[in-house]
Amino acid sequence: MMYNVGKMTELTGVSRRTLHYYDQIGLLCPHVVKDNGYRDYSEQDLIRLQQILLLKSLGYSLTQIAKLLGVQKMTQQEEKIAWVESLELQISWVEGLQEDLERRRYMLQTAIHAIGTSGKLQAKELRELLDSLQHREIEQGVIPPYFEKNTFTSEEEHIISRLPVMGSQDPRMAIYIELLGEIRAQMEMPPDSEPIQQLAERLWHWALQIFEGNEKLLEKYWSMLSPNSSGDSPVYGHDVKLIEYVNRMMEVWLDGKEVLLNEK
């Protein structure tokens, strides 16, 4: 059975222009070209076009399709093997692309979080942060924090493994960044002022929740965020000024909390 261009378009949804282009590049040539220029395609041509459409839907480029379909005189078994091998290669390519896209998404989200925690855009420092993460392995969409061996007990490590991390889509991270933003915006106020103490209470309850009620681990973890002698913090955006201010406001709030408990 033969099919003209109109019928091929009707059966496959491929436009006339695309059919002409496939003919030009030698990917799909009509079985017959009549003197009047009309083109007719055979049943085998229709099958080949369906194969082309299938491979395109699987992400193949026209060059890859031409290579796979260009092998002539294959037995049915050889054709089956060629297709399976090609599809397996395509899976590997897709997995690589998926990993690359996942890393890109993580880097973009990390940049958003980094700007949020620092309270400003610091292009040089932000680039250095992203560069430092470039070759670290992504686990479940994020790059988990690194700690020296035996820093935490096995129970503590179990809790830490569930903490929200920078670059994640965990809504708890968004809450933390929002809190830091509010604190930064009001750091001119005394740490014992009512608005700041309200922020301290919110920060404490947020932190206690993510540390699953383990106050000892919370204090241990927070102490590790303190900047070193050169002023660098292990976590981006947690500068000396911010850490010192948060420590003062939390001391006031915890002292007040202890007083209330003693009164009871």
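Predicted model: local features only at pLDDT ≥ 70, side-chain atom pairs only at ≥ 80, totals over all residues.
Local features need pLDDT of at least 70 and side-chain atom pairs count only at pLDDT 80 or more, whereas totals for chains, interfaces and linings use all residues. Residues are numbered from 1 along each chain as its sequence is written, and side-chain values use heavy atoms, with hydrogens and water left out.

Side chains of opposite charge can pair when their charged atoms come close. The structure holds nine salt bridges. A salt bridge here is a side-chain nitrogen of Lys or Arg within 4 Å of a carboxyl oxygen of Asp or Glu. One of them joins the side chains of Glu10 and Lys7, at 3.5 Å from N to O. Both residues lie in helix 1 (residues 5-12), three residues apart, which is about one turn of the helix. Helices are DSSP runs (H or I, at least four residues), numbered from the N terminus. Glu10 is exposed, at 59% relative accessible area. Lys7 is partly exposed, at 32%. The classes are set by relative accessible area: buried is under 20%, exposed is over 50%, and partly exposed is in between (1.4 Å probe, protein chains only).

Helix 5 (residues 76-118) carries Arg104 and Asp100. Their side chains meet in a salt bridge, with an N to O distance of 2.8 Å. The two residues are four positions apart, so about one helical turn separates them. Arg104 is exposed, with a relative accessible area of 52%. Asp100 is partly exposed, at 33%.

A salt bridge also links Arg172 and Asp170, at 2.7 Å from N to O. Arg172 is partly exposed, with 26% relative accessibility.

A nonpolar surface patch is formed by Trp93, Val94, Leu97 and Leu101. Together they have about 360 Å² of accessible area. Areas come from the Shrake-Rupley method with a 1.4 Å probe; for residues, only the protein chains shown count as cover. Patch residues have over 30% relative accessible area and no salt bridge; nonpolar side chains (Val, Leu, Ile, Met, Phe, Trp, Tyr) are joined within 5 Å, like charges within 9 Å. Leu97 lies in helix 5. Its relative accessible area is 36%, so Leu97 is partly exposed.

Ser193 sits in the loop between helix 8 (171-185) and helix 9 (194-210). Ser193 is buried, with a relative accessible area of 13%. The Ser193 side chain reaches the backbone oxygen of Pro190 at 2.8 Å.

Terms used: Polar contact = N/O pair within 3.5 Å; in protein donor to acceptor, adjacent residues only side chain to side chain.
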